[in-house]
Every structure is written in structure tokens, then in C-alpha cells.
Amino acid sequence: MKFRHCLLSAVWLAGLVLTGCSSQPEESDITTYLLPQSSEQSVPALVIQQPILVISPVEMALHLTGTGLVYQTSHTAVVQAQQNLWAEDITRQLTRRINGDLRLKQSRYWPTELSAAIKTANVPKLQVRVNAFNGHFSGSAYFSGEWILTGQSGDLKTVQPFSFQVPLKEPGYSAQVDALSEAVNRLTTQIAQRVSAMTLYSGERSSL
């Protein structure tokens, strides 16, 4: 009886282990992520008096332009995930997010993405360049680079470096995406505050 009891216990334990393993994702499973975007319902409509500000496509450091999320494993090493990927080109996602955020966070100008339908001559432009957009072995997400603002005539208005570190709420790539999203939010708040106080068109009155 004792042997039978031990045998049944072993079978039950083996079943439990198999059940637990079956609930784990397989190594071949691929998860794709989208950077949260500004809510379309919250974006205000264009006011006719608002001058246009063109948002140029974001420029990314070469090691950030792949399909996989990037994680820095040491002071000198970075890896690109093979099963945790961006669902859409991250440069495109960032450009769209910055454009949407700036529509929400300031009303002095109407941000619009660069396109063939827009004549870029005599229009102010915002260019964001990204050097870091990744998870970090310290347990934070890193987002750094610089943004450049030019006026209507192409004159340089400002060049601003930026660097944000947002702690991950928990381990994992999903938490990394959330932290990176918060870092983008901080950047667009910074840009919106500066843009609101600037004059980008000749003859325009200062808001100060």
C-alpha cells in the first residue's frame, strides 16, 4: 500500500509539472509590441490660425533600427531580442507618437508629419535624433538623444539634448515598452513647453 501511495503521488507530481510547463510560452513563440500612441479621440481639431510645424522622421542610432527590442546587458554590450519584436518599424512609431503628443500638449502650432503633400519650404521643422531606446541592466529603460528645432527660414532655433531613465515596474519586455513609453511622454512634454514659448515664423508675436 505504501508503495502504491508513493507511486500515485509521483504520477500526480509529474502531471502537475507537465501542466505547469505547458502553460509557458514555447521558445519559438514570438511576441510583438506597439508603442502606445496618443488617443485619437483626445487630439484637438486643427484651428485655422495655427501655423504648421513639420515633424521630420525620427533618426535612430543604427543598433536600434532592427525589428527586435534592444537590451543593454553591460556597460559595453547590447543585445537585440529574437522573440520580442516591434510590430511596426520603431522609427515610424516614434514619429507618429511625437506628432500626436505635441498636438495634445500645446496649441501654438499644428504638428504634422512630413509627407509629399506638404511643401517643406518656409515651414518650421522638428527633428528628433535618438541614441538610446532600450532596456538596461540597471532595471530601467533608457531614452536619450537630441532634438533640433528650425524656424520658417531654416534658421536654427534650438538644439536640446535629452536623457531619461524610467525604472521598470517589473522584469520583462512588456514592462520595458511601458517604461519607454513614459520616457517618450517626458520628452514630448519638454518639447511642447519650449515650442509654446517660441516664435518659429517671421513676424509672429511671442507668447511670453
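Q: Why is Gln-93 called buried?
A: Buried means under 20% relative accessible area, exposed over 50%, and partly exposed in between (1.4 Å probe, protein chains only). The relative accessible area of Gln-93 is 0%, so Gln-93 is buried. The model is predicted: local features need pLDDT of at least 70, side-chain atom pairs count only at pLDDT 80 or more, and totals for chains, interfaces and linings use all residues. Residues are numbered from 1 along each chain as its sequence is written, and side-chain values use heavy atoms, with hydrogens and water left out.

Q: What makes Gln-93 and Leu-35 a polar contact?
A: A polar contact is a pair of N or O atoms within 3.5 Å; within protein, one must be able to donate a hydrogen and the other to accept it, and residues adjacent in sequence count only if both atoms are side-chain atoms. A polar atom of the Gln-93 side chain lies 2.6 Å from the backbone nitrogen of Leu-35, and therefore the distance falls within 3.5 Å.

Q: Which residues does Gln-93 touch, not counting residues up to four places away in sequence?
A: Contact means heavy atoms within 4.5 Å. Gln-93 touches Tyr-33, Leu-34, Leu-35, Gln-37, Trp-86, Ala-87 and Glu-88.

Q: What makes a set of residues a nonpolar core?
A: Such a core consists of buried Ala, Val, Leu, Ile, Met, Phe, Trp, Tyr and Cys residues joined through side-chain atoms within 4.5 Å. The largest one here has 44 residues, and Trp-86 and Phe-143 are among those with the most contacts inside it. Its largest share, 10 residues, comes from α3.

Conventions:
Helices (H or I, at least four residues) and strands (E, at least two) are DSSP runs, numbered from the N terminus.
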